[in-house]
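Please examine the sequence and the coordinates before reading the solutions.

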Amino acid sequence: MVKEIVHILIEFTIWFIIIGTLLTWIPPRSRNTTVWKIIDLTEKFLRPIRSFVPPIGGIDISPIVAIIVLQIIDSIIRRL
């Protein structure tokens, strides 16, 4: 039961990161309040990762690192 809930939360977080990252491609003038809130929450989650993983060639890879770490945590929890 707990494994399933944690799995759902991790999947939700992964999709939230993906959506938040894609929303950053929208020009700032076109963003509404909901888009700004999603981007802000995503940034709060990714900011600590950026302190360990700097951009490579000007490309921010922190969303990829976050998703990989979440998937590793999910696989470990599901094996318990």
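The model is predicted, so local features need pLDDT of at least 70 and side-chain atom pairs count only at pLDDT 80 or more, while totals for chains, interfaces and linings use all residues. Residues are numbered from 1 along each chain as its sequence is written, and side-chain values use heavy atoms, with hydrogens and water left out.

**Exercise 1.** Determine how many aromatic pairs the structure holds, and describe the geometry.

Step 1. The structure holds 1 aromatic pair (ring centres of Phe, Tyr or Trp, the last by its six-membered ring, within 6.5 Å; stacked under 30 degrees between planes, edge-to-face over 60, tilted for the rest).

Step 2. The partners are Phe-12 and Phe-16, whose ring centres are 5.9 Å apart with 25° between the planes, a stacked arrangement.

Step 3. Both residues belong to helix 1 (residues 2-23), and their spacing of 4 residues separates them by about one helical turn. Helices here are DSSP runs of H or I with at least four residues, numbered from the N terminus.

Step 4. Phe-12 is exposed at 56% relative accessible area, whereas Phe-16 is partly exposed at 23% (buried under 20%, exposed over 50%, partly exposed in between; 1.4 Å probe, protein chains only).

**Exercise 2.** Characterise the packing of helix 1 against helix 2 (residues 33-52).

Step 1. Two packed helices are described by the angle between their axes and the distance between the axes. Here the axes come within 9 Å and cross at roughly 115° (lines fitted to C-alpha atoms over the stretch in contact, with angles from 0 to 180 degrees between N-to-C directions).

Step 2. Helix 1 contributes Thr-13, Phe-16, Ile-17, Gly-20 and Leu-23 to the contact, and helix 2 contributes residues including Val-35, Ile-38, Thr-42 and Phe-45 (contact: heavy atoms within 4.5 Å).

Step 3. The contact residues comprise 9 nonpolar, 3 polar and no charged (nonpolar: Ala, Val, Leu, Ile, Met, Phe, Trp, Tyr, Cys and Pro; charged: Asp, Glu, Lys and Arg; polar: the others, Gly among them).

**Exercise 3.** Is Thr-42 buried or exposed, and which residues does Thr-42 touch?

Step 1. Thr-42 lies in helix 2 and is buried, with 2% relative accessibility.

Step 2. Leaving aside residues up to four places away in sequence, Thr-42 touches Phe-16, Ile-17 and Gly-20.

Step 3. For comparison, Glu-43, also in helix 2, is partly exposed at 22%.

How values were computed:
Helices (H or I, at least four residues) and strands (E, at least two) are DSSP runs, numbered from the N terminus.
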